[in-house]
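Dear colleague,

I am passing on the structure we spoke about, and below it you will find my notes on what turned up when I went through it. Please have it open while you read.

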Amino acid sequence: MTALALRDRLGKAFEALGPGVLIAFTVAAASMFISEHYNVPVMLMALLLGMAFNFLSEDNRCAAGIQFTSSRLLKIGVACLGVRVTFDQIMSVGAVPLISIPIFIVLTIALGALLARLMDRPIGFGFLTGGAVAICGASAALALSAVLPKTEVSQRNTLFTVIAVTTLSTLAMIAYPIIFTNLGFSDVQSGILIGATIHDVAQVVGAGYAISDEAGNVATYVKMMRVAMLPVVIIAFSLYLRRGTDETAKAPMPWFAISFGIVLLINSLGILPGFAVEAIRALSQWLLVAAIAALGMRTSMKAMLSLGGKHIGMVVLETLFLLVMAIGVVALFIPE
């Protein structure tokens with residue numbers, strides 16, 4: 001390809017995608033500014049601001065770029081999440097969390113599937129909410145939605161899940177430190193509980209360090225164990241969806257999840273210099289916030305509210321189930 005042909009292709013791509021991408025990143029920048037200055041969860045703010053610009057998703061000049069940001073750039077952002085965790089961090093918290101975290105994840109996702117059946121919801125919605133609650137909140141919801149079959153309501157289900165887990169994470173960030181302290185748990189026990197139960201990383205950090213530095217460190221490590229399970233769950237879902245009907249057989253392999261694992265491995269080996277780790281971490285943050293903003297632009301609040309109380313009930317029940325399991329394990333197996 002000649003330089004002139006490449007320039008023409010890039011020019012056409014920017015003309016088609018540029019306006020929507022720029023709008024999504026502008027909303028992301030505004031969300032980060034508000035979050036930093038007013039202590040509002042950045043993911044929730046990006047969603048709400050994005051929804052305020054829902055009309056842009058129907059504008060031909062912006063639609064393609066918004067779609068690109070909410071799909072392709074989302075996957076790149078998920079892949080970059082691997083830089084947040086290392087194998088040393090996973091191993092440093094001991095055997096009990098290492099054994100119990102995968103069990104919590106499997107059981108919570110299974111509960112999501114069961115509740116979907118009982119409440120007459122799509123099984124994909126059960127996987128989506130169960131995975132988001134069990135692993136890492138909004139980031140997991142976005143990653144899982146990329147491999148689950150696309151339906152007429154799948155986009156609204158994803159947006160609802162992101163809003164629900166982000167809201168519950170914010171409430172938990174306030175309530176859990178008070179609850180665990182009043183129950184008499186030590187800093188280490190409280191850190192494990194916070195890391196094992198709160199959905200989003202930012203709220204885990206906030207809740208953990210609200211108790212003590214030790215609780216914050218432990219909470220972060222345990223949370224990173226959950227994040228490290230994300231590619232495993234996504235690959236398992238993708239392989240599951242490839243079997244069966246012709247419709248699910250077309251489910252793509254999640255290259256972004258494999259990339260997440262590769263980045264995690266490279267980060268664990270200490271190959272990346274500090275400035276590269278920080279750069280990838282910042283890139284991941286920007287891409288994910290912009291992707292959520294773009295998803296918000298593609299869904300109206302009216303459509304979200306039409307999903308009904310059963311959706312809310314599923315996420316709340318999954319959250320309480322995870323909390324009860326974690327308290328039981330810590331009370332029985334983790335010394336004070």
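Does Leu269 count as buried or exposed, and why? Please keep in mind that the model is a predicted one. With a relative accessibility of 58%, above the 50% cut-off, Leu269 counts as exposed. Leu269 lies in the loop between α14 (255–268) and α15 (274–297), and together with Phe87, Leu265 and Ile271 it makes a nonpolar surface patch of about 420 Å².

Helix α10, which spans residues 201–211, has Val201, Gln203, Val204, Ala207 and Gly208 as buried residues. These lie on the same side of α10, because the arc they cover around the axis is only 160 degrees. Ala202 and Ala210, by contrast, are exposed on the other side of α10. Among the elements that cover the buried residues of α10 are α8 (154–182), α9 (187–197) and α11 (213–228).

There are two salt bridges in the structure. One of them joins Asp59 to Arg61, with 2.8 Å between the closest N and O atoms; Asp59 counts as buried because its relative accessibility is 18%, whereas Arg61, at 60%, counts as exposed. The other is formed by the side chains of Glu278 and Arg281, at 3.9 Å from N to O. Glu278 and Arg281 are three residues apart in helix α15, and so about one helical turn separates them. Glu278 is partly exposed, its relative accessible area being 47%, and Arg281 is also partly exposed, with a value of 32%.

Conventions. Residues are numbered from 1 along each chain as its sequence is written. This is a predicted model: local features need pLDDT of at least 70, side-chain atom pairs count only at pLDDT 80 or more; totals for chains, interfaces and linings use all residues. Side-chain values use heavy atoms; hydrogens and water are left out. Patches are made of residues with over 30% relative accessible area and no salt bridge: like charges are joined within 9 Å, nonpolar side chains (Val, Leu, Ile, Met, Phe, Trp, Tyr) within 5 Å. Accessible areas come from the Shrake-Rupley method with a 1.4 Å probe; for residues, only the protein chains shown count as cover. A salt bridge is a side-chain nitrogen of Lys or Arg within 4 Å of a carboxyl oxygen of Asp or Glu. Helices (H or I, at least four residues) and strands (E, at least two) are DSSP runs, numbered from the N terminus. Buried means under 20% relative accessible area, exposed over 50%, partly exposed in between (1.4 Å probe, protein chains only). The arc is that of the directions from the helix axis to the C-beta atoms. Contact means heavy atoms within 4.5 Å.
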